Every structure is written in C-alpha cells, then in structure tokens.
Amino acid sequence: MRYLICNGSIIDPARRVATVGDVWVADGVVEQLVDLTDLHAAPEPVGDEVTVINARGCVIAPGFTDLHAHLREPGDEHKETLASGGLAAAMGGFTTVCAMPSTKPALDNAALVRHVRAIAERDSSVRIEVIGALTKGREGHGLADLMELAEAGCIAFGDGGRPVSDAALMANALSYASVLGLPVMTYCEDLRLTAGWAMHEGVISTRLGLAGFPKAAEESFIARDIALAEAAGAHLHICQVSTAGGVALIRSAKARGVRVTAEVTPHHLTLTDRWVMGNLVPHDTTMITQTARRGRRSKTHPELGLPSWLDPSLLPPYDPSTRVAPPLRTDEDVEALIEGLRDGTIDAIATGHAPHALVDKECEYALAAPGISGLETTLALVLTLVHRGEMDLVNMIAKLTEGPAQVLGRSPSTLHPGARADLVIFNPDEYWTVDTSKFASKGRNNPLHGQRLKGQVMLTMAAGKIAYRRENFGHGGGHSHPTASRLEGILPSDS
Amino acid sequence: MTIATARRRHALDLDDFTPEEIEEILDTAESMKEVLSREIKQVPTLRGRTVVNMFYEESTRTRISFELAARALSANVVSFTARGSSVEKGESLIDTVRTLQALGADMVVIRHNQSGAPHLVARHFAGGVINAGDGRHAHPTQALLDLLTIREHLGQIRGLKVVIVGDILHSRVARSNLWGLTRLGAEVTLCAPPTLLGPAAYWTATWPQVKISYKVDEAIAGADVVMALRLQKERMQAGLLPSLREYSRAYAITPERLARLGEKTLIMHPGPMNEGVEIWPEVVTAPNTVIDEQVTNGVAVRMALLYRLAG
C-alpha cells in the first residue's frame, strides 16, 4: 500500500523540521518527504495505485508516544482491553502506548508480560509496550524479577499508581535496575500524609469538607527518590508530577546531573481543584480574585468568551470524574508545570489514562476510584496551551514524541525517510465537543464531557496502516500546490 | 408568614442562600415556633406528602428533630438508618435514592459521613433534598437554628462578634455557620489548635472576613457569641493532639473563661457534648448558655425549611 499525504504542515521535532509539504508512505515506512516550500522540488506524478490523503489545514507529525496508560487487561477487561485501549490511543494520535502493570494479576513476571505482548500484537494496531512491575504484585515488599522482565521485553519498571513506601526497597530497585539500563518509574505519594484523601488539600478542599492530598506528600517523596537515584546512579522517571515544588526539585536535580526525567499529564497542565467545585458559585470575593488571576495568565477564549477556555461549571459539584491521583492542583501549580514543560524540566506529556467502570465512579466523591480516561482528549487539551500562546506547537509535539522516546532511551519517532510510518494528522483549529459516550475507550470517566475543545485528530497511521481515520477525512481535493497555511501565528514565525 | 419569592428545590448548604432568604426562613421558623407552642402541635401544610429521612450516620437529635418537624406539618414520615436497611446488603446510594423515588418520596433528608453525598442524591432524585449533615462539609439546618437562637437573644446578626472554638477542620457545623453568619454580617473568628484548623489562608480565601486565632482567651475577648464544637476522641488517636487534658486546658469553655466573658455573651454548642473536654458542666447550666434552646429551635427551623421546599 502506498499513501501520499499531501498539503499538510509537517512538524517533525526530532529533525527540527516544520514546513509545508507531502509525505509518501510505502510498505510501512516513510518513503520520502517533499518540502513544498522548496521551489526546486518537482512534484512526483501520482499513479492510480497511490491512495491520496488530503491533509490541507492539518498538521502531519510523528505518532505520539504515551509513557503512562492503564490498559487493564488482564483482569479488569470491563474497564479496558488492549483492543479498546489501543483504539482509544489511535483516536488520540498515539502510535506507541506504554501499559502500566496495574493489571490483575500485576505484570510482575516474564510469562505474563509475554502473554500481554502477544495479545497486544494480535488486538492492537498501535504498538503497546509493557512496563514491568517494580515489586512483586505491586505490593512494595520485594523486588519483582526485574532481569527476567527486561528479557521479556519490558521497557521500564514501575508499580503504576502505587508508591514504593519502603525507602530501602526503592534504593535496591534503583540499584538493580540501573545495570539493566531501564528507567524506574516512580509514583510519588507518602501514604501516611494522604490517608483518606479525596482531592488536593487547599482552599477548595476546606470549603467542600473533603480530606486533602497535600503537596508535601508528593514533594517529600520526589525528594526522597531523587536522593536515592543520585546515590544509585540510576535513571529515575517521575510519573505525573503535579506540584510547583515537585517541578523545582526535578529542575535542581537535573541541574546537578542526576539522571532524572519527568512526565506531566494533560489534566494537570490545564485543570485545577476548582473543577471539583463544579457549578458551585465561588464566594463573591473568591470569584473576583480567581478571574483576575486567570486573566493575567491567559487570553479569553475568542468564541466561548471563557477566561480559562474550559468551563468547570458544566459539572455538578463533587463530580467523581474530577478525582484523580495525584489530584488536580492549583493555578500556581499549573503555571509551574507549564514553565517546567517549556524549560525542559519536564520531558514528556503522558496521559495517565486510567479508565474505570461506571460503578467505580458513580458514588460518593471520596469513595470514587481515582483516574481519568484521557487518551482521546489529550491532544485537544494540551493544544489549549498552544492556542493560548503559552507554548509553541513544535515544542508541544516534541513533548508527545521526542520527549517520551528519550525517557525510554530510544531514538525518537520521526518522519525521516526509512523510518517506521507511525504518524498522526490533526487539525489544530477544528472545534469539537467531547462526548464520552463516543469514546473508543471503555472508560467514560473524563471531566471534559460536554466541553468544546479546539484541535482534533483526523488520522493515525501505525506502521504504515491506518489505525484510525475520522469519517471522510482526506478524501477529495487531490494533490495540488500548497495553500496559505491556516497555522499562521501558531507555527513559529521562522517556519 | 412570609411568602417565598423563588422556589427552592434543595437545601444542600447555606452557600446558595441570600441574606434575604435566610431571614425569611428565620421569620417562618418563628411562626412555626408559635405552632409548636399550641396544645395541638400540628398544621396540615404537608398533608399527603412523603418525607424520607435517610440516616447513614448515627444521630439522635437531628433525626428526631426532622421527624417531629415533618410530623408537625402533617407529612408522612419514614426514617431509616444504614443499619438494618439494604445498605448493609451493599446497595449503592444512587440505587437507594432511585428506590425511594419509585416508592413515591417527595422529599428526602440525608445524613451521611461522606462530604458531597447530598449533592449526589440531588442529582438522582426528582424531589427536594435537605442536607442533615454530610461528612465535614455542611449542616445547613444546624446553622439556621444557631442563627435563629442568636437572633432571638441579640436582635440581629449584623455586627456581632461570633467565635467558634474547637475542631473546626472536621466540622460541618463550623462551615455552614461560616456561610450563614458571614452572609448576615457577623464578624466570625475561628479558634482551634493548628492541627484542627489548617492554614489560615485555606479559610480566608473563601470567607475573607473571617479571623483565625490559635489562642482562645484572645479570641473570645469581647465576644457576643461563643460556640464550642464537639471534639471527637478519634482526633487524639490520629495524633492531632498531645492529650485531652492539654486540649481542655487550652481550648475548653471553662467557668473561669465564662466569668471573664460576662453575662451577655451567649454560649452555644451543637451537641452532643463532651462535658469536661470542650465545655465544662458549670458552663452548660449557666444562665447565658442556650444549648437547650438550640435544640428546640431546630424543630422550628426544619419545619420552616420543609415548608419552603414544598413550595
């Protein structure tokens, strides 16, 4: 099968390419890139055997890599399967997904890892990699068979959403994993500080009378793990950093040469604990100060007229879809996370995709399972930062492609000729309304239901095959000369 | 009796009540007190309506108070507690509410140990929902009865200095009183050890007028109203306090403190009390202590609220 994807804006962060042109795909690999801004480039004749995909107005980028998804198979197939999770990934523009070992039983032995990899190979068109459990049964008492897990193809170790509370065990894990050349992914929560937690500890939790997850519970744990990794000379990857203090700790560790990397989720980059209040009216004075703060940071949404582009008042108060671990934090944390993403402190955006069944979520707030089913809203959510001018599009795509590849110690996905044809086509300007009932994921737990977002995935290609294509996308128009890009003002001016 | 201007469906907290609406409910409650002083303490206002009291947490006074209030308005009242109901068989809150809906309940009153549970009920129930206390979040009828008691004794709320002393952090009574008192213009001070209060900014961001104090003698100086809160013994076990003795010495309303306050200061407590811990027995029986009146006013306030929600 041969494809010509034409007229798109090609953004390939790993090769520092941002231009308008055509991408030819054949036999599962990128065949060539035609830069249409190069006046010497002669358009190749298009034969009948070629399938033309018109990507006018869209961005063509390397497929995204997700470092952190809970795909639930085996054991919780009612929440997600490798098939449904793989399709959700494709709908979100991801061509590689790292599955957390939070299955039942946990992925803590080589046989199980091989089993999951085989099912993934059979059921998913996007590549699913496996993160092996760091401790037996993810229980934090003894090391899993890390060497055998590595031999079975695990790309990292981690207990996926559970902290390793025993510092001595964590020290051993880091030391042991360091010679295997794989990162240790840590989830940072001091359980003694978070007993009974429902949400972020602060102004809103105080008002709502919900038990808090203090920032210090995350930050003290990050500090501990950085110290342990520094001593062991191991590669530590901090999952889902959510606080300003956490960003600062990672920044200073990186500055003194500790092998630490970090990821942030789209929801921690864009939503705050304000969302737990839903449509409750903030106290008059609170509302005034909050609006003023938001106004300073962001531009008003041009069509919706909303200060934050996203409207928490579409939700009722105490909506369990807003309960996630670590919890949604404050405006100050969001600002620090964006700054950390910009200055390279945070390497990657990871979805933290955590699908749940309705019964796990439709209950009293503090009893609801934490997690957001986020694969399908990730791109649109992080694009709000691009549209608001907080980050440029190239850098943002890098955090979904090059960044996660570097965390895994791999050469980044790219559109370079000869590379595996993992790519995504998305329209950054297309508005759509989130409808969780249309998710490919079995998890409908997403607080963005009903929100109008800007930026939509049109087509995802995995290994040269179309893994997802939005209805009727790319037909017609044929191959023609480039038109004025609709991305003006979004792409850096030198592109 | 004042005629309600806007139809209210639920009373989940006082955060969505305007000062005018609160005053109207207090006025209605005064009329209800007149009903309760009659020989036949019943009016036909809610005849034919069904009120279900869902009590997922132990409660004596609030449950009985709601039952008496609904009966005084001639409603059909059914009460159930988590024990002995299908809750013990694992039925979810939402399923229970749907069942009550199907059985024809017009209004539910809910007490639950999870903050936000009444909001969940309100989303799945077509009739009115009254919060009878949820977790540490809200207890709006307690705040209303406190406001009624204060108003009866001191005339108006505006400008009064009210001090709430005790386990503020875990107190739904404190939170609902904060809304009610600040809406009506009182100056509120919260006083507790830091482990039972948290950072001052957590409170002042939502209630900017509120003052925070860690020293009870400074806080209550010149107070018009002192409200003591119950100290749960679990707080000791959770390591939030060194000892009950130290807490009691530093924060209890003692006869000495009462003497310094003078005779015009109202002493209140939402109950149940730990006498000798947060309040001394001598204080409970003092002439300016109005704890029993609070209980009496509870029935009237709940009648007023049921009446208002029934429309």
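Which residue in strand 6 of chain B is the bridge partner of Lys161(B)? The partner is Glu187(B).

## About the model

This is a predicted model, where local features need pLDDT of at least 70, side-chain atom pairs count only at pLDDT 80 or more, and totals for chains, interfaces and linings use all residues. Residues are numbered from 1 along each chain as its sequence is written, chains are lettered from A and ligands numbered from 1 in the order in which they are written, and side-chain values use heavy atoms, with hydrogens and water left out.

In strand 8 of chain B, Met227(B) stands opposite Ile164(B). Together with helix 6 (residues 172-183), strands 5 and 6 of chain B form a right-handed β-α-β unit (with the strands pointing away from the viewer, the path from the first strand over the helix to the second runs clockwise).

Over in chain A, an unreviewed UniProt entry places the feature "binding site" at His70(A), Leu71(A), Arg72(A), His356(A), Pro370(A) and Gly371(A). Positions are in the numbering used here, feature names are shortened, and annotations may be inferred rather than shown by experiment.

His70(A) lies in the loop between strand 6 (64-69) and helix 1 (82-91) of chain A. This histidine counts as buried because its relative accessibility is 8%. Its side chain makes a polar contact of 3.4 Å with the side chain of His68(A) (a pair of N or O atoms within 3.5 Å; within protein, one must be able to donate a hydrogen and the other to accept it, and residues adjacent in sequence count only if both atoms are side-chain atoms).

His356(A) sits in the loop between strand 15 (348-349) and helix 12 (358-361) of chain A. With a relative accessible area of 7%, His356(A) is buried too. The side chains of His356(A) and Lys79(A) are joined by a polar contact of 3.0 Å.

How values were computed
Two strands pair if DSSP finds at least two bridges between them. Helices (H or I, at least four residues) and strands (E, at least two) are DSSP runs, numbered from the N terminus. Buried means under 20% relative accessible area, exposed over 50%, partly exposed in between (1.4 Å probe, protein chains only).
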